[in-house]
Amino acid sequence: MTTILFIEQVLNGLQFGVMLFLMAAGLTLVFGVMGLINLAHGSLYMVGAFAAAAVAGATGSFLLALIAALAAAAAAGALVELLIIRRLYARDHLDQVLATFALILIFSEGTRWLFGSFPLYLDIPDYLSGPVTLPGGIHYPLYRLALIAAGLAVAAGLFLLISRTRLGIQIRAGESDREMIAALGVDISKLYTIVFALGAALAGLAGALVGAIQSVQVGMGEPVLILAFVVIVIGGIGSIKGALIGALMVGLTSTLGSIAMPALFRMFMDNSAASATGSAVSSMLIYILMAAVLVWRPKGLFGGAV
Amino acid sequence: MKLKSLIAAASLAALGTAAMAEGPVKVGMITTLSGGGAGLGIDVRDGFMLAAKMAGNDNLSVVIEDDQRKPEIAVQLADKMIQSDKVDVLTGIIWSNLAMAVVPAATAQGKFYLSPNAGPSALAGKGCDKNYFNVAWQNDNLHEAAGGYANSAGFKNSFILAPNYPAGQDALTGYKRLYKGGLAGEVFTQLGQKDYASEIAQIRASGADSVFFFLPGGMGISFLKQYADSGLDLPVVGPAFSFDQGILQAVGDAAMGVKNTSQWNKDIDNAANAAFVTAFQAEYGRLPSLYASQGYDTANLLLSAMAKADVGDADAFRAALMAADFDSVRGDFKFSANHHPIQDIYVREVIKEGDVYTNKIIGTALEDHSNVYVDECKM
């Protein structure tokens with residue numbers, strides 16, 4: 001592997017990682033603060049992408065599309081929290097899984113009913129399209145660099161929100177002792193709605209940003225959801241820092257693994273067989289990583305409170 | 001979601017053709033109508049029902065059920081249709097893994113199965129059956145055509161990629177079967193993968209002169225958009241599955257000019273095809289895809305057999321199907337000994353007509369092409 005290819009793959013891994021972080025951040029916050037397993041988080045990712053595609057189609061503005069994605073996903077999140085999720089906090093995890101799984105089906109078929117079965121069109125804006133040349137002669141798509149920057153900016157903003165603001169204090173307090181902050185006079189149900197909507201908005205943003213280089217279609221959220229769960233288990237449930245580190249680890253492992261493994265098997269197998277075997281092994285790598293982290297730290301890298 | 005509908009192909013204007021000596025035929029259609037792959041199933045269903053409606057044959061009735069792209073659901077539906085609906089003919093399955101789960105059991109019970117899409121090699125070779133007919137293609141066909149086109153386009157060093165599952169492995173095997181050049185790289189991606197940055201970087205580093213890919217549905221949309229944005233401008237070729245009418249609008253400009261191989265296109269010049277394209281647009285308000293054309297041909301094949309024989313006489317009905325005495329929208333069409341099409345496969349180019357992205361035929365990749373599994377099939 002040449003150095004250029006390696007650096008390009010590291011950038012790809014970073015970009016994949018920060019997008020996973022946007023998904024995982026909401027999931028881990030909701031689990032950390034409310035103790036809720038939300039399988040429908042992937043549907044909010046889909047809602048964001050569809051809202052962006054619809055608005056981009058109508059107005060032609062990518063920025064408006066992103067705002068629409070944030071707003072639509074946050075509104076969908078808040079609505080779902082008020083109507084359904086609120087009744088699930090006191091139930092056990094199995095009930096939550098069942099109800100949020102039902103939400104996946106409702107969101108999927110609802111979206112199909114509204115937008116049809118065929119994938120929608122959402123493209124990169126002109127000012128971010130095409131490759132740029134980085135030092136060292138690496139051609140890299142500008143949009144992916146923008147994704148890395150956007151993801152890191154959101155991560156920084158989230159850290160400031162959690163560590164520097166009153167809302168952040170309440171969220172952290174909610175994670176460590178729910179009853180106590182309710183007893184101290186914090187409107188806990190309002191806090192839950194805000195946290196849920198915030199998580200939903202981040203998922204919607206990820207859906208819109210990634211939708212521009214992938215396909216916007218029904219069911220797009222579920223594969224990402226599985227990876228996001230891997231991320232929060234690695235990072236430690238409830239930890240934003242853990243989600244970031246976990247997301248970057250998963251992104252880099254997945255991307256570098258997909259070229260390293262076939263290359264490894266090619267040393268002692270013929271080309272086709274090595275590609276097939278290497279691809280199969282590389283798709284297992286993140287789960288092996290998760291298992292290894294759990295053996296070393298059963299509560300994840302930064303877990304402990306839960 | 002459980003879509004359940006019993007649709008009798010009602011006729012308003014049966015143009016002159018008086019009732020022939022034929023009994024009623026009940027068709028069970030199992031296809032994908034919900035979830036991510038629904039676009040394909042809906043097109044097959046719409047094409048099939050359009051042909052039924054145009055024929056106005058009261059003797060044809062159709063039960064349609066949604067398999068949700070899940071093999072276990074497809075098996076349950078097939079059992080129900082055979083046992084309680086008492087269907088004579090099954091059809092509709094899109095995906096090869098579902099076909100493998102349903103077809104052998106259905107044909108073993110003496111039912112006819114007409115495949116409007118999936119054509120796994122197992123059902124063409126050792127697992128072939130006298131009651132199984134594929135009206136679309138054998139899975140390898142369009143990839144073989146892409147390999148044939150690559151030779152004529154002068155590609156010497158292709159980078160090839162497909163998802164790591166049976167149809168993906170068949171795709172690369174199919175391409176390599178006729179392609180004579182060397183390989184700059186051969187990569188299996190994950191099924192359902194949406195990010196191809198890593199593969200695109202490998203293509204760039206490999207020194208390839210062309211790219212062949214088989215990435216159906218959303219995977220192809222993602223790959224093409226990311227490929228176009230990467231600044232790479234090597235020629236790309238692939239089977240029609242990533243360029244059908246349903247998904248081209250979602251790919252947009254990134255697909256312009258890409259060559260793809262297909263057994264059908266809307267500009268094939270024959271009367272049956274012209275009538276089909278016009279009627280489909282009038283009925284559904286969109287352009288037909290190749291899947292719709294396959295559904296339409298499947299229904300017309302069935303109708304042609306109904307006109308000749310009673311489905312109760314299995315041997316006569318099978319012979320009537322084998323004769324393929326219908327006007328295919330593809331033009332010439334006949335069955336090989338293992339009940340798969342012998343047909344021309346074309347090279348198409350993605351163009352833009354007004355605001356709509358669509359395909360135009362630019363040449364013929366393979367003429368009267370059959371499949372390599374004929375000799376393995378012992379009926």
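Predicted model: local features only at pLDDT ≥ 70, side-chain atom pairs only at ≥ 80, totals over all residues.
Visitor: Why is Val187(B) called buried?
Guide: Count its C-beta neighbours inside 10 Å: there are 24. The cut-off for buried is 20 or more. Val187(B) therefore counts as buried.

Visitor: Where is Val187(B) found?
Guide: In strand β8 of chain B, residues 182-189.

Visitor: What is Val187(B) in contact with, leaving aside its neighbours within four places in sequence?
Guide: Ser275(A), Leu161(B), Glu199(B) and Gln202(B). A contact here requires C-beta atoms within 7 Å. As for Asn164(B), its C-alpha lies 8.8 Å from that of Val187(B), and the two are 23 residues apart in sequence.

Visitor: What makes chain B agree with a compact globule?
Guide: Its radius of gyration. For 379 residues, the globule rule gives a value near 21 Å. Chain B has 20 Å, so the two agree. The C-alpha atoms fill a box of roughly 65 × 45 × 40 Å along the principal axes.

Visitor: How much of chain B is buried?
Guide: Buried residues make up 60% of its 379 residues.

Visitor: What share of the contacts in chain B with a separation of 6 or more comes from residues 24 or more positions apart?
Guide: 72%. As for secondary structure, chain B has 12 helices and 14 strands.

Visitor: How is chain B divided into domains?
Guide: Domain 1 covers 4-137 + 267-335. Domain 2 covers 141-262 + 345-376. Their centres, taken over C-alpha atoms, are 28 Å apart.

Visitor: How do you know that domain 1 of chain B touches domain 2 of chain B?
Guide: By contacts: 17 residues of domain 1 meet 19 residues of domain 2. On the domain 1 side, α1 (38-55), α4 (121-124) and α11 (290-308) of chain B each supply at least two residues. By class, that side has 7 nonpolar, 7 polar and 3 charged residues.

Visitor: How do you know that chain A is in contact with chain B?
Guide: By the contact count again. 41 residues of chain A are in contact with 35 residues of chain B. Several elements of chain A each supply at least two residues to its side, among them α1 (3-34), α4 (93-115) and β2 (138-141).

Visitor: Which element gives the most to the side of chain A that touches chain B?
Guide: α11(A), with 7 residues.

Visitor: What classes of residue make up that side of chain A?
Guide: 17 are nonpolar, 19 polar and 5 charged.

Conventions
Residues numbered from 1 in each chain as written. Chains lettered and ligands numbered in written order. Contact = placed C-beta atoms within 7 Å. Helix = DSSP H or I, 4+ residues; strand = E, 2+ residues; numbered from the N terminus. Nonpolar A, V, L, I, M, F, W, Y, C, P; charged D, E, K, R; others polar. Domains from an automatic or database assignment. Rg over C-alpha atoms; globule rule 2.2 N^0.38 Å. Buried ≥ 20, exposed ≤ 12 C-beta atoms within 10 Å, placed from the backbone.
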